[in-house]
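Please keep the structure open while reading.

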Amino acid sequence: VQARLALAQAHAANKNLKSAIDKLELIVDDEPRVDAALGQYQEQAGRFKEAAASYSKALEVQPKSREIKARRIAASISAATARSATPGAIAASPAS
């Protein structure tokens, strides 16, 4: 678990968020405290809905964490904003 966590952190430091997320997804079931880091990497990668879900799981382990609560709210808002912006972006595309 520790080796994969360190590897995920190295990937994130090198801006390789996909690999960091992949590594954390392998260990998250064995180490529930990883959910907060997974959420952070998902958020940085623009995967806001997944990040909000990871933060929710992290709050099961750390229910009093204000930081995780704030991150979950921010990810949820970003997910809703991205979802509502998508139809407009499609409508604004030129017809083929």
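## Burial in helix H3

A residue counts as buried when its relative accessible area is under 20%. The model is predicted. The buried residues of H3 are Asp 35, Ala 36, Leu 38, Gly 39, Tyr 41, Gln 42 and Glu 43.

Gly 46 follows H3. Its phi is positive, near 85°.

## Nonpolar cores

The largest nonpolar core holds 12 residues. Its members are Leu 5, Ala 8, Ala 12, Leu 17, Ala 20, Ile 21, Leu 24, Ile 27, Val 28, Val 34, Leu 38 and Tyr 41. Helix H1 (2-13), helix H2 (17-27) and H3 each give two or more residues to this core. H2 supplies the largest share, 5 residues.

Leu 24 touches several parts of the chain. Apart from neighbours within four places in sequence, Leu 24 is in contact with Leu 5, Ala 8, Val 34, Ala 37, Leu 38 and Tyr 41. There is also a second, separate core of 8 residues, with Ala 36, Ala 51, Ala 52 and Ala 75 among them.

## Packing of H1 on H2

Two packed helices are described by the distance between their axes and the angle between them. For H1 and H2, the axes come within 7 Å and cross at roughly 165°. H1 is therefore roughly antiparallel to H2. Their crossing is left-handed.

From H1, the contact uses Arg 4, Leu 5, Leu 7, Ala 8, His 11 and Ala 12. From H2, it uses Leu 17, Ser 19, Ala 20, Lys 23, Leu 24, Leu 26 and Ile 27.

## Packing of H2 on H3

The axes of H2 and H3 come within 9 Å and cross at roughly 155°. An angle over 145 degrees counts as roughly antiparallel, and H2 and H3 are therefore roughly antiparallel to each other. H2 passes H3 in a left-handed crossing.

On the H2 side, Leu 17, Ala 20, Ile 21, Leu 24 and Glu 25 make the contact.

## The loop at Ser 65

Ser 65 sits in the loop between helix H4 (48-61) and helix H5 (66-92). Is Ser 65 buried or exposed? Ser 65 has a relative accessible area of 17%, so it is buried. A polar atom of the Ser 65 side chain lies 3.1 Å from the backbone nitrogen of Ile 68.

Terms used
Residues are numbered from 1 along each chain as its sequence is written. This is a predicted model: local features need pLDDT of at least 70, side-chain atom pairs count only at pLDDT 80 or more; totals for chains, interfaces and linings use all residues. Side-chain values use heavy atoms; hydrogens and water are left out. Buried means under 20% relative accessible area, exposed over 50%, partly exposed in between (1.4 Å probe, protein chains only). Helices (H or I, at least four residues) and strands (E, at least two) are DSSP runs, numbered from the N terminus. A polar contact is a pair of N or O atoms within 3.5 Å; within protein, one must be able to donate a hydrogen and the other to accept it, and residues adjacent in sequence count only if both atoms are side-chain atoms. A nonpolar core is a set of buried Ala, Val, Leu, Ile, Met, Phe, Trp, Tyr and Cys residues joined through side-chain atoms within 4.5 Å. Contact means heavy atoms within 4.5 Å. Axes are lines fitted to C-alpha atoms, for helices over the stretch in contact, and angles run from 0 to 180 degrees between N-to-C directions. Angles under 35 degrees count as roughly parallel, over 145 as roughly antiparallel, 65 to 115 as roughly perpendicular and the rest as oblique. A crossing is left-handed if the near helix is turned anticlockwise from the far one by less than a right angle, and right-handed if clockwise.
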